[in-house]
Amino acid sequence: MNEPVAFLWQVAWQLDPAVVGATAAVVAVAILAAASTWQAAASRLAVVVMLVVMLSGLHREPPQSPAQAANSRAPQLVDLVMPAVAVAGEPITAEAIAWEADAWEAESGKPRRVAGPPMVELVDETGRLLDRAALEPTVDAPFRADAAAGQGRLWRAELTWQPAEAGVHQCFARHAGQSSDSTTALPSRAVPAVCGVAERPLQVLLIDASARWEIRHLSRLLRGTPGVEVTLILLDSAAVEQLPRSRQAAAAFDLVVLGSFDPRDLPEAVALALVEAAEEDGLGVLWSLDGRSDLANLAASPLGVLLPCTPAASSLPQPATRGHRVWAAASADGLRWLAPLLQAIQRTQAQVFLPASIAAQRGTAIAPLMLSTATPAVAGVAAKQPAMLVDHTPTGRVVALLFETWRYRIAGSSDDVDAFWRSAIRFVAEPRLRQRMGAELTRAVRSADATRREIRQAVVFAAERTAERRLQPVWNHPAVLAMVILLAAVSWLLPARHAAIAVVRTQPRDAP
């Protein structure tokens, strides 16, 4: 039976089996009471029984060879996540993602054990091996994409690569031992991703009023980060003369970190240059604010067009000694670069202090982190005051961090905080780096995205086809339907034939 026909015949009762059984019993009693002969009753009862069986949803498991069974259960690569842009000499972390269909035992509901962790490789466009790692199953709950497709789970592997040359590089994730010219099915072939590698390091400008703990640590951290060059300018020092005073000078940087300072201490020409570079040249802006920041003055200054927040009216101002807890909003799930900071927040449970009430200044800003003076899950208090805002300019990105992260460092999460700052710098500077790479990177990224989308669609289609074959009905076959029609016809013909025979037998032989 071909697959379209099999799909059309996969019909099952939508009612409770007890209701179906009671209905069939009533129909059977009616047939026995109304049938004129036992032959008609038997054929009609057979029709009812076969209809119940046909629509019961019974199915059989088609036989599979050992090779087919192994291939259907092996994790299939579906995605390769890596930075879209990087700098030559900078270590890059890529994540290969695979999906295993029917990974959960139907009887126990537990993950099926595998003989050993499957290995995945990262190769470049020439087939040269860059890294190899083992796929590890995630601890997520079972994923059911469709009721017919069954359950599955995701596997992940982290792969590292340190590009030495600038340009647009295409990498592939593949199963270990799979050659680059493999002729296997689409779901098993290599998964591509593109990374544009810039030649010169990432240029970061740090501006702050004084050498506070946050800015000093960030300066030391970025100076020790490969592919990053840092310029720190304090407004209370003679270095203020080095600040960029034209759009061209500001556009020489890829990102500017604005600390806690009075905007009146920043020369107006510098503020205008930063605004123009952010709006026209993709200069990234990262605000590193704290409780001493005067948001009203900042919002009223030329830099106000880049600030995504403003002081909110509050009838009861909170004291600076009142601690706040930081909570992740639903929008934080889509920001991968926030993951290290979320780990630090959850691990340390540290409090931050920000007396001002903050509100988003524009509707384009999202708030992935929120502030609350109580535990929302316990006290039922909704966290409405943002702790971080993510926004954008016409060509770049803007992130406003409204609390200091050093409290999480001293609480024991220094590594997580450092990883967050590195990822946040990359996130904010990404549009600027994309502009530096040009249209070639855009075309390559779109092509790789389309290929990965085709691979994921092929994996889902293969899972659905497998589920259809496994749900092959036992009785829902056109031949069975022909038998039902024949029995129904016989059941209606038998009474008429019996009546005709009875009439013939009662008539006299000499009747006309």
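How many bridges join strand E12 to strand E14, and do the two run parallel or antiparallel? In this predicted model, strand E12 (residues 202-208) and strand E14 (residues 255-258) are joined by four bridges and run parallel. Within this pair, leucine 206 has valine 257 of E14 as its bridge partner. In general, the strands of a sheet pair through backbone hydrogen bonds, in either a parallel or an antiparallel manner.

Both strands belong to an open sheet of eight strands, in which the order is E13-E12-E14-E15-E21-E20-E19-E17 and the pairing is mixed. The edges of the sheet are formed by strand E13 (228-234) and strand E17 (325-328); each has a single partner strand, so one side of each is left without a neighbour in the sheet. On average, neighbouring strands of this sheet are turned by 20° against each other, direction ignored.

Helix H12 (residues 414-437) packs on the sheet. The strands touched by H12 are E12, E13, E14, strand E15 (284-288), strand E20 (385-392) and strand E21 (397-401). The direction of H12 makes about 155° with that of E21. H12 comprises 24 residues and reaches 33 Å from its first C-alpha to its last, which is close to the 34 Å expected at 1.5 Å a residue. At glutamate 430 the helix bends by about 50°, and proline 431 follows within four residues. Just after H12, glycine 438 adopts a positive phi of about 85°.

The largest share of the lining, eight residues, comes from H12. Elements that each supply at least two lining residues include strand E2 (76-81), strand E3 (85-87), strand E4 (92-101), strand E9 (150-161), helix H9 (339-348) and helix H13 (439-470). Strand E11 (191-198) likewise supplies at least two residues of the lining.

E10 and E11 pair in the antiparallel sense over seven bridges, and phenylalanine 172 has proline 192 of E11 as its bridge partner. Strand E10 (residues 167-175) is also joined by five bridges to strand E5 (residues 119-124), and these two strands run antiparallel. In this second pairing, valine 120 stands opposite histidine 175 of E10.

Key:
Residues are numbered from 1 along each chain as its sequence is written. This is a predicted model: local features need pLDDT of at least 70, side-chain atom pairs count only at pLDDT 80 or more; totals for chains, interfaces and linings use all residues. Side-chain values use heavy atoms; hydrogens and water are left out. Two strands pair if DSSP finds at least two bridges between them. Axes are lines fitted to C-alpha atoms, for helices over the stretch in contact, and angles run from 0 to 180 degrees between N-to-C directions. Contact means heavy atoms within 4.5 Å. The expected span of a helix is 1.5 Å times one less than its number of residues. The bend at a residue is the angle between axes fitted to the seven residues ending there and the seven starting there.
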